[in-house]
Every structure is written in structure tokens, then in C-alpha cells.
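This briefing covers chain dimensions, packing, the interface and selected secondary structure. Cut-offs are given where each term comes up.

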Amino acid sequence: MKTILVACGTAIATSTVVAKKVERLCEQNNIEVKTVQCKAADAASRANEILPDLVIGTCDLPGNFPCETLNGRAFLTGIKLKECIDELLEVLKN
Amino acid sequence: MQAVTSVFSYIIDMGASVMMPIIFTILGLVMGSKFGEALRAGMTFGVGFIGLNAVISIMSTTITPVAQALVDNLGFKLTSIDIGWAAGSAIAWSTEAVPFVFLAVIITNIIMIALGWTKTMDVDIWNYWHVLFSASAILLVCKGTALAWVFAIGQAVVMMGIIFVIADWTQADCVEVFGLEGISLPHIQSMCNCIVTYPLDKVIGMIPGLKDIHWTSEGIVEKLGLLGEPIMMGFIIGGFLSALSQFTAPEVNVGTAIQQILIVGMNIAAVLVLIPRMISLLMEGLMPISEQTQVFLEKRFPGRELYIGLDAAVATGHPFVISLGLLAIPIILVLAIVLPWNTVLPLADLAALPFYVICAVLPNKGNLFRGLIETIIMCIIYLTFSTYAATVMTSLAGAANLQVPEGAAQITSIALGAQWITWFPFMLAKMVCL
């Protein structure tokens, strides 16, 4: 089971969209994941607390992270989505 | 015609939790989703709405006696409780205006892009709720007459038209300050405020002495971080209000007073944490429609160089925005007490202030001194219009079968003040229709 922390401005709106899309994507690729949502401002401290396998942000994420981070804006815009998905799957498969 | 009307009112009478799943299923099918997916999404929305209702009723039962006691004991004037943007969005997405305004906004966007009036392709369906809210407000107050519908849809078209243009204008600054390449922010509650802050910034830039002051926001996030947490904020403000209401009563039992303070604090903390969870369900319910809309729009304009219009949330992670958002908390609380005409008690949307200060970061590129001045001016505007919005927000919530506080208290949100430009067509509609 992989854990992904998804961060956006309020932990409500855009992070829900990204989290759901990532969950669906992982299901299609037979990767078991759990997503946790949080606010961008709390992302670094939450990440150090729950030690996820990956942090995805819909905005810039301030602070130091114990794992890889990925800009999830492509899930909202659809621009360079393919590259973003490839990167995501690569991180999760390792 | 009679039959059509009675079918409509039959459905509307069942309330938002049944009506919206039906509307979203149909809307999903129209936009090209599969039936099963559309139905499940629609029902998820309904579940979120029922959950939200449960949470708001916790808030109402908690806050009603506290607000009443504050009014009785102190003549407290901050009786419009800020229950946050989330409740406003839920109400906006739950009225009969949804399908019509939704389609009107998409068509407006397509026509404006086709005519070259805007480069922003707005795929942020969720935030159509800003104009949906004002449309619903007009329909409620003007009692759904044909003229009211003209105003409701007309204002949605005009307001979104304005915000598409503002999104274009501010796009270059969004790239420079936030690094949002190819992205613009057609988000009324955040960006309409640029109409005020950009000229204001020009004025400050001309005043000798002030124009050269430059402060940075380094270190603020670390110092004030905990303040912005809804769970802490809810507990502290809820507990404080409860204390204030009890220790001003003629007879006080300290033991029970402390119990009450803790109970009220925990309940308000619970509300501020739970409302967003419910909204996540609403968003999930909207996702198929929003995905299909994106596909639909992109097919219309292949190869055109366009900005993708997103939720201003994508800018809220920037340290400038987070810092100013935190500093705005004490600013708006002090203003709420000082402004003689204000009745808003800022609460839930204190956590959403980063959205409402983006406009005070963009023009000055993160100069905290100017940002603070602009934030103060904007907060005055937000409070003024949130106060104005309280009556109609309370009635709309009642009409959507949400449990609203009784007696002295009303509900509103700072978000509704932040979409202040939409209240002008509302006033106009009221003048013409009534």
C-alpha cells in the first residue's frame, strides 16, 4: 500500500480532484494507494508526520519534504498530463 | 405548460438532496458521461449535501443560544455568523438555477474565445458557484419571475465575462509571481478584487515616502502557522464566544461555564473540520461533468493558444499568499469590531483568507507593506458586502432546507463579501423587479 499526500490551498477543492484522479489511475495500473489531503501550508509538516511515498501539490509547496514531490497541476489543466502520469507511476512502482 | 411546471415543482419539493442528483445525472449525460458514472456522481453530490445539512445543524444548535446571550447581555452586534464559503457553494449548486446558469456560462466562454475577447478557457466548473449564488439570490428575492430569470442569467454572463477579461489581464503577473505558466485565474472571489488593488497600488506608488517602503514576509508562516488551522481557530473562537456570553450573564456558575466553553469550542471546531469533508463529496459529484466540459471545450479550440482557467487555489501555496493570509486574520477581526456598520462575525472563512489576499500580492509582487494596506481596504469591502449578504444567505439556506440559526443570528460568509461585484446586479434586479 502506497500513501500519497495531496495538497492544495484549502485541502478541499483542487486536491479532491487530483486525489480522485490519482486513485482511479492507480486502480487501472493495479497499484494500491491511499490518498490523504491537506493544505499547502501544512504539507511539509504533515509529510514528516505520516511519511508518504509521494507528495503531490496543485500549487507550490513550501518547506522540506522527506520524499519526492510532484506538481499535480497537469491533472487540472490536461497540459503535459501524459508526462505527469508517467512520472507518477514511475515513482510509485519503485 | 401546466404539466411541465408541476413536474418541476414536484421535483424541487423533494429538496436539493434529491433534485440535484437528478439534475447532475441529466447534465452529465448531456455532456457525454456514461449513465452509471453520471448517476453515481449525482448521488455522491446528494450524500454530500445531506452530510453538510447535518453539520450545519450542529452549528446552528451550538451557536444560537450563544449568539442570543451575547445580544441580550452585551448588545453584541456581530450576529451574522461567517459559516464559510463551503456552505455558500453547496447552496449555490443546489438550486433550480444550476442547469441554466451552467450552460449560459459555458456558452459565454465559448463565444468570447471564438470572438477573441478572451484567451481564458475556464475549466474550473466548481467555481461557477459564485455566479450561481448571485443568480439564486436574485431568483429568491424576485420570486422567480421571468424578469428575475433574465437578471439571474444576464448577471452570470456579464460577471463571468468580466472575470475572463480580468484573468487575461492578470495572467502575466500570475506567471511572474506564482509561476503559473499557461494558467489564468477566472475566480471571481479572488480576482475581481484586482479592480481595486491594481489602481490602489498605482496610487501608493506615487506617494513620496510610501512608494519606497519594501517589507518581506519571511518567517511569518512559521510564527503564525497554527492560527490558520480550522480546528484550532474553531475551538478558540467558539470557546471565547461561549465564555463571553456566560461571564456577562447576571449569575454565573463557573463550573458549568467551563463545561459549556469546552463543549461549544469542540462543536465549532468539529463544524469547521467537517464542512470541508462534506464539500469534498460535492466536488467528487461534480467531477464527471467538469471532466467532460474540459474535453468538450478543448475539442472546440484545437491548436489555439489559450490560458487554462483554474481555481485560484493553485496560487494559495505561495509563501507571499500564505503569509498575508495569516496576517489578514487579526486585521479582519479588528475591522469586524471597529466598523460601525459591520454585523459579520468572521469565523470559518478565516481559513480561506489566502484566496482573498491574492489580489493584494499580485500588483506589488509580494511587497508586504503595500500588501497590508491593500488587504485592509479589501477586508473593509469584504465585511461590508458580507453584512449585506447575510439576510439573503440566511433565506437561501432556509429555502434549501438547511437548518439555519434562529432568533438573533443570521449566517453569511466572507466569501460572499469577496464576490462583491455580483451584488450590484443583485441590487439592480431588486430595484427593477420589486
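Two strands pair if DSSP finds at least two bridges between them. Helices (H or I, at least four residues) and strands (E, at least two) are DSSP runs, numbered from the N terminus. In chain B, strands in the order 2-4-3 form an open sheet of three strands with parallel pairing. The model is predicted: local features need pLDDT of at least 70, side-chain atom pairs count only at pLDDT 80 or more, and totals for chains, interfaces and linings use all residues. Residues are numbered from 1 along each chain as its sequence is written, while chains are lettered from A and ligands numbered from 1 in the order in which they are written.

**Sheet in chain B**
- Strand 2 (120–122) and strand 3 (183–184) of chain B are at the edges with a single partner strand each, so one side of each has no neighbour in the sheet.
- Strand 2 of chain B runs parallel to strand 4 (residues 307–309) of chain B, and three bridges join them.
- Opposite B:Thr120 stands B:Tyr307, in strand 4 of chain B.
- In general, strands of a sheet pair through backbone hydrogen bonds, either parallel or antiparallel.

**Chain A overall**
- Chain A has four helices and four strands, and their pattern along the sequence is β-α-β-α-β-β-α-α.
- The radius of gyration of chain A is 12 Å, close to the 12 Å that the globule rule gives for 94 residues, so chain A is as compact as a globular protein of that length. This radius is taken over C-alpha atoms, and the rule is 2.2 Å times the number of residues to the power 0.38.
- Along the principal axes, the C-alpha atoms of chain A fill a box of roughly 30 × 25 × 20 Å.
- Of the 94 residues in chain A, 46% are buried (20 or more other C-beta atoms within 10 Å of the residue's own, with C-beta atoms placed from the backbone).
- Among contacts in chain A with a separation of 6 or more, 52% are between residues 24 or more positions apart. A contact requires C-beta atoms, placed from the backbone, within 7 Å.

**Chain B overall**
- Chain B contains 17 helices and six strands.
- A compact globule of 434 residues would have a radius of gyration near 22 Å, and the 22 Å of chain B agrees.
- The box filled by the C-alpha atoms of chain B, taken along the principal axes, is roughly 65 × 60 × 40 Å.
- Buried residues account for 56% of the 434 in chain B.
- For chain B, 83% of the contacts between residues at least 6 apart in sequence join residues at least 24 apart.

**Nonpolar core**
- The largest nonpolar core has 177 residues, and B:Val101 and B:Leu132 have the most contacts inside it. Such a core is a set of buried Ala, Val, Leu, Ile, Met, Phe, Trp, Tyr and Cys residues joined through C-beta atoms within 7 Å.
- Helix 12 (residues 254–300) of chain B gives the most to this core, with 15 residues.
- Leaving aside residues up to four places away in sequence, B:Leu132 touches B:Ala92, B:Trp93, B:Ala97, B:Val98 and B:Val101.

**Interface**
- In chain A, 23 residues are in contact with 31 residues of chain B.
- On the side of chain A that touches chain B, helix 1 (13–28) and helix 3 (74–77) of chain A are the elements that give two or more residues; helix 1 of chain A gives the most, with five residues.

**Helix 15 of chain B**
- Helix 15 (residues 368–399) of chain B bends by about 45° at B:Ala390, the bend being the angle between axes fitted to the seven residues ending there and the seven starting there.

Methods: Buried ≥ 20, exposed ≤ 12 C-beta atoms within 10 Å, placed from the backbone. Contact = placed C-beta atoms within 7 Å.
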